[in-house]
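Take a look at the chain below.

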Amino acid sequence: MQTTRFQIGDFEVLAVPVLHDNVVYLVCRDGKAVLIDAGEAKPVFQTLEKENLQLLNILITHTHYDHVGGCRAIVDRLGVQSTSPGVEAGECPMLGTVCRSISTPGHMAVHKIYYFPELNVLFTGDTLINGACGRLLGGTARQLFSSLREICGLPDDTRILGGHDYLVDNMEFALSVEPGNANMQSRLDLYRTDPVAAIFALLAEEKKTNPFLRVDTVEEFTELRKQKDSF
Ligand SMILES: [Fe+2]
């Protein structure tokens, strides 16, 4: 994956690949930027320099190394603050708009996602990752089920920007759960021709292709998560 741009009104969102298959994001406006997650510092420094951006703040979804490994280096060099996922959820003014942090435990006991209502974008970290959800690494199945339910309550045209590109694995798992599901097959096929569109889908598309959003009970969810762990 290369750096991907989404132009949204006066804003630009840059999806910057880091490490092996992680993605960090820069929300930019008028030469200023906010960074979502910081798995690696170097690609962030390179992008800020190339795009002539001033970084204001770092928002962390959760504290796994592949999401925070570059944070210290960025804070030290640029003198910016980082916002821990442990900070109480709520709304913050940012870049002339509002960012709402939402608590979504499950993948870890402490996990935040960041929603920019004006931009219709949601940075989901490892709670919701293109076509699946994160593993249970500290939180419970009940928590993750309920966190995903909360995401499903947001507008269907919300663009879902997760912390990894796991699309192929996730759609192969999805098709093993629902063989013959045409939407899942189309999303997998789309990855070959337009990976950006396949990875960074809208919530409406996630609802059609993500099996973890298609179960009705926490029991079904728990079973599905177990199946994926050994897929
Ligand atoms: Fe994680």
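## A proline in a loop

Pro105 sits in the loop between strand 8 (97–103) and strand 9 (112–116). Strands here are DSSP runs of E with at least two residues, and helices are runs of H or I with at least four, both numbered from the N terminus. The model is predicted: local features need pLDDT of at least 70, side-chain atom pairs count only at pLDDT 80 or more, and totals for chains, interfaces and linings use all residues. Residues are numbered from 1 along each chain as its sequence is written.

Pro105 counts as buried because it has 20 C-beta neighbours inside 10 Å. The cut-offs are 20 or more other C-beta atoms within 10 Å for buried, 12 or fewer for exposed, and partly exposed in between, with C-beta atoms placed from the backbone.

## Contacts of Pro105

Leaving out residues up to four places away in sequence, Pro105 touches Val110, His111, Gly139, Gln143 and Ser147. Contact means that the C-beta atoms, placed from the backbone, lie within 7 Å. Leu144 is 39 residues from Pro105 along the chain, yet their C-alpha atoms are separated by 6.0 Å.

Six strands form an open sheet in the order 1-2-3-4-5-6, with mixed pairing. Two strands pair if DSSP finds at least two bridges between them. Strand 1 (4–8) and strand 6 (81–83) stand at the edges with a single partner strand each, so one side of each has no neighbour in the sheet.

Strand 3 (residues 22–29) and strand 4 (residues 32–36) run antiparallel, joined by five bridges. Leu26 stands opposite Leu35 in strand 4.

Conventions. Two residues are in contact if their C-beta atoms, placed from the backbone, lie within 7 Å.
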